[in-house]
Each structure stands twice: as structure tokens, then as C-alpha cells.
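Visitor: I have a protein model open on my screen, and I'd like to learn how to read it. Can you walk me through it?

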Amino acid sequence: MGYDRSRDDWIRSARVDLWDLPAAAAFRLMVLVARAFGRSCPYCGSPGIFSSFWTLKERCPRCGVPFEREEGYFLGAYAVNLIGAEFAGFAFVLALLIRTDLSTLSLQVIAVVVAVGLPLLGYPYARSLWMAIDLMVHRPERHLSG
Ligand SMILES: [Zn+2]
């Protein structure tokens, strides 16, 4: 089965010469995670890829790579965000339950606020993290030569 080059059309609209991801997996992972939490372009490291706290720009302002390269690309980000935020929220409320003597009602109110608030706050980071995961698994630069 041959590789479908038409699927790489999104790469052709980007300045791939500005991409500087390390090839070695461990370094690549460190750079990608730092860029994800720094809300920078996962490909070139440029800041300013969000137009507001929650709104990811269509393309990187520096290298021009389109972030949502196909319909449903960020579906995995929703899952990463929901799972991560709910586990963190559960751990937080569990720690409050064990280490404080807050009333049951207070804990319930805090749990609801955390269960709703954390996914909202984590969503932009989940999108950058999702792009980082994608770049760990799929290395677009491998399809550029030839
Ligand atoms: Zn970029």
C-alpha cells in the first residue's frame, strides 16, 4: 500500500525550514511538552498562536502551519482535556477530604466548581498538548524529502 501524498497538502503551505524539532525522541518530547505548556507553536516554537485565552489561531504566525489540518483533528484534545481535568479535580477534592475538615456541602460545592472549571481552564493547553502528542507519533518532516 503506497503513501498518499495528497494527505500532506497542509505541509506545503507552511515554512518548514523554520521547523526545528529535534529528531531524538527524548529531546523531541521535552521540547514539545515545553511548547505545549508555553502555548507556543509545536513546530517552530513561535509564541502568540492563541488570539485569546481559548482561541487558537488558524495558522502559526511565524511558520504558517495550519493547526487544524483536517476535520475533527482536535477531537483527541477534548478527551485528553476531560480525562486530565477530571482526574486532577478528583485528586484535589480527595486531598481536601483527607487533609481538611470541610463540611460535606462545602466539598460538594468545591467538587462541582472544580469539575466544571478545570476542563474550561485546561482546554487551550489540551489543544497544544494534543498537537505535541501528534508530533511525537507522526513526524511530518519525514514526508518532506523526495
Ligand atoms: Zn510555527
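Guide: Let's go feature by feature, starting with the overall picture. Keep in mind that this is a predicted model.

Visitor: How many helices and strands does the protein chain have?

Guide: You'll find 4 helices and 0 strands in the protein chain. Following the sequence, the pattern reads α-α-α-α.

Visitor: What is the radius of gyration of the protein chain, and what would a compact globule of 146 residues have?

Guide: A compact globule of 146 residues would come out near 15 Å, but this chain has 19 Å. As for burial, 21% of the 146 residues count as buried.

Visitor: What about contacts between residues at least 6 apart in sequence: what share of them join residues at least 24 apart?

Guide: In this chain, 58% of those contacts do.

Visitor: Now the inside. Which residues of the largest nonpolar core touch the most other members?

Guide: The general idea first: in soluble globular proteins, nonpolar side chains tend to be buried together. Here, the largest nonpolar core has 19 residues, and Tyr43, Cys60, Trp130 and Ala132 touch the most other members. Helix H2 (25-37) and helix H4 (104-137) each supply at least two residues of this core. H4 gives the largest share, with 6 residues.

Visitor: Which residues does Tyr43 touch, leaving out those up to four places away in sequence?

Guide: On that count, Tyr43 touches Trp19, Leu21, Cys60, Cys63 and Val65.

Visitor: How do I read a pair of helices, say H3 and H4? At what angle do their axes cross?

Guide: Look at the distance and the angle together. The axes of H3 (residues 75-99) and H4 come within 7 Å and cross at roughly 145 degrees. The crossing of H3 past H4 is right-handed. Sorted by class, the residues in the contact of H3 with H4 are 20 nonpolar, 5 polar and 2 charged.

Visitor: One last thing, the backbone angles. What is phi of Arg39 near?

Guide: Most residues other than glycine have a negative phi. Arg39 has a positive value, near 55 degrees, and is a residue other than glycine. To locate Arg39, go to the loop between H2 and H3.

Visitor: Why does Arg39 count as partly exposed?

Guide: Arg39 counts as partly exposed because it has 16 C-beta neighbours inside 10 Å, and a residue needs 20 or more to be buried, or 12 or fewer to be exposed.

Note on methods:
Residues numbered from 1 in each chain as written. Predicted model: local features only at pLDDT ≥ 70, side-chain atom pairs only at ≥ 80, totals over all residues. Core = buried A, V, L, I, M, F, W, Y, C linked by C-beta atoms within 7 Å. Contact = placed C-beta atoms within 7 Å. Rg over C-alpha atoms; globule rule 2.2 N^0.38 Å. Axes fitted to C-alpha atoms, helices over the stretch in contact; angles between N-to-C directions. Left-handed = near helix turned anticlockwise from the far one by under 90°. Nonpolar A, V, L, I, M, F, W, Y, C, P; charged D, E, K, R; others polar.
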